[in-house]
Amino acid sequence: MRWWSVANFVSNAGTWMQLTVQNLLVLQITGSAAATGLSMSVQAAPGLLMSVAGGAAVDRWPRKMTAAVSQALLGGVAFLTAVLVAVDQLNLGILMALAAVTGVIATVDGPACALLGNDLVRAEDVPSAIGVGSLVHNAGRLAGAALAGVTVGFLGTGAAYAANGVSFLFVACVIPFLRPVHRTIPRPRAELGAKRTERAPGSARGGADHEDMTVRQGLAFFMRRPRLVALAGITGISAVFGRNYGLTLAVLVTGPLAGGAGAFGTVSTVLAVGGIIGAVLGARLRKPSVRLVGTLAAAGALLQVVAGLSPSLAVLLVLVLPMAVVESVSDTAGTTVLQTDPPAHLRGRVLGVWGSIRTLWGLAGPPALGLLMELAGARGALVTGGLLIAGAVGAGHVLHRRRTAPAVVLRTEETSAAEQRPTLITAA
């Protein structure tokens with residue numbers, strides 16, 4: 001697990017280094033801000049359309065091999081981009097194609113690496129492992145953003161892609177040496193079908209096993225689990241109205257609070273520090289639940305309401321830290337529920353379904369929030385969004401309690417004296 005954490009830190013630093021300079025590269029090639037947004041959408045689109053299929057592949061194939069191959073392929077795409085930049089042969093069409101390929105590979109790589117990290121610890125330590133992963137992600141994000149400026153300044157844009165390629169290959173080289181503590185990877189269908197034939201000669205060849213590995217079963221399992229549907233609802237409304245702080249707080253700081261780019265940089269730093277603190281706290285969770293996720297989401301929403309009413313930058317900075325902490329702990333708790341609630345043979349497909357839902361939020365959230373800000377302003381968007389989140393969580397909690405309230409049996413007819421006699425004798 002220590003080796004895996006180091007490899008993930010290196011990979012995350014490389015990824016954020018590339019993401020930091022990618023928009024600059026698109027602007028250099030096209031000079032268009034619209035093209036920059038389009039490249040991000042092209043890379044995200046496969047997650048909406050193919051995440052479920054990618055999760056099914058993770059369930060069917062050996063996990064270590066799947067993660068190693070996907071990391072190597074991502075590294076190859078990064079190296080190819082670096083070469084094209086170096087020889088000045090990268091145009092918008094090629095860049096869009098490479099972004100789409102990266103998005104397709106990520107639909108398999110994401111769930112494979114997430115579940116591989118869980119396999120390296122005991123079952124009771126999975127929440128801590130997810131918390132450590134969140135901590136590594138945030139630390140890698142800070143390191144990658146810092147290294148991006150240095151790399152581009154001294155070596156150029158292509159060097160950031162090359163560094164990201166090296167980070168992917170480092171992870172691919174570490175994976176073969178990892179030793180899972182418990183085996184949760186299902187056996188290949190061929191083995192399952194053979195064993196089924198040995199147990200029941202003459203029966204259909206592994207028909208049930210084949211059906212057991214379908215994408216449809218993963219979708220059906222997700223939709224039939226009320227706690228997963230509730231988790232999707234809580235996370236969805238929070239993602240749309242409550243977590244796009246890079247947009248809402250930027251407008252609030254530079255607008256009503258009359259701050260500049262430096263002030264927003266300070267706010268972003270506090271958000272990152274809060275995310276790291278939250279990841280450390282989240283690693284201590286032992287049995288997180290959907291109720292905890294909802295409670296934290298509501299608490300973060302109320303903090304957001306107060307932040308929207310901040311009279312000064314100093315007050316906002318005081319509120320931003322707990323907002324980031326609550327968000328990070330909530331993310332860790334939700335990820336733990338998502339990765340431990342399904343049976344082992346369905347976890348890849350459940351993560352695939354989640355990937356599609358999360359991509360939908362990512363694509364729909366910024367436009368919806370932007371429209372809200374146009375209508376209500378930055379303060380109004382923060383306050384309205386926070387109230388919507390808290391109200392939705394509260395309504396869901398009340399509805400859940402009503403549905404699960406124990407039935408009360410009342411006697412509507414008086415019992416006769418003969419029926420009461422044995423009870424009276426016992427009482428006497």
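The model is predicted: local features need pLDDT of at least 70, side-chain atom pairs count only at pLDDT 80 or more, and totals for chains, interfaces and linings use all residues. Residues are numbered from 1 along each chain as its sequence is written, and side-chain values use heavy atoms, with hydrogens and water left out.

**Confidence**
- Mean pLDDT (the predictor's confidence in each residue, from 0 to 100) is 83 for the protein chain, and 86% of its residues reach 70 or more.
- Helix α7 (residues 189-199) has the lowest confidence, at a mean of 42, while α13 has the highest, at 95.
- Helices here are DSSP runs (H or I, at least four residues), numbered from the N terminus.
- Residues 183-210 stay under 50. The model has 25 contacts (heavy atoms within 4.5 Å) for them beyond four places in sequence.

**Helix packing**
- Helix α11 (residues 245-254) buries Y245, T248, L249, A250, L252 and V253. Buried means under 20% relative accessible area, exposed over 50%, partly exposed in between (1.4 Å probe, protein chains only).
- Those buried residues pack against α12 (261-282), α13 (290-308), α14 (313-340) and α15 (347-404).
- The axes of α14 and α15 come within 8 Å and cross at roughly 135°.
- L338, Q339 and T340 of α14 meet R347, V350, L351 and W354 of α15.

**Cysteines**
- The structure holds 0 disulfides (pairs of cysteine sulfur atoms within 2.5 Å).
- C113 is buried, at 12% relative accessible area.
- C173 is exposed, at 52% relative accessibility.

Note on methods. Helices (H or I, at least four residues) and strands (E, at least two) are DSSP runs, numbered from the N terminus. Axes are lines fitted to C-alpha atoms, for helices over the stretch in contact, and angles run from 0 to 180 degrees between N-to-C directions.
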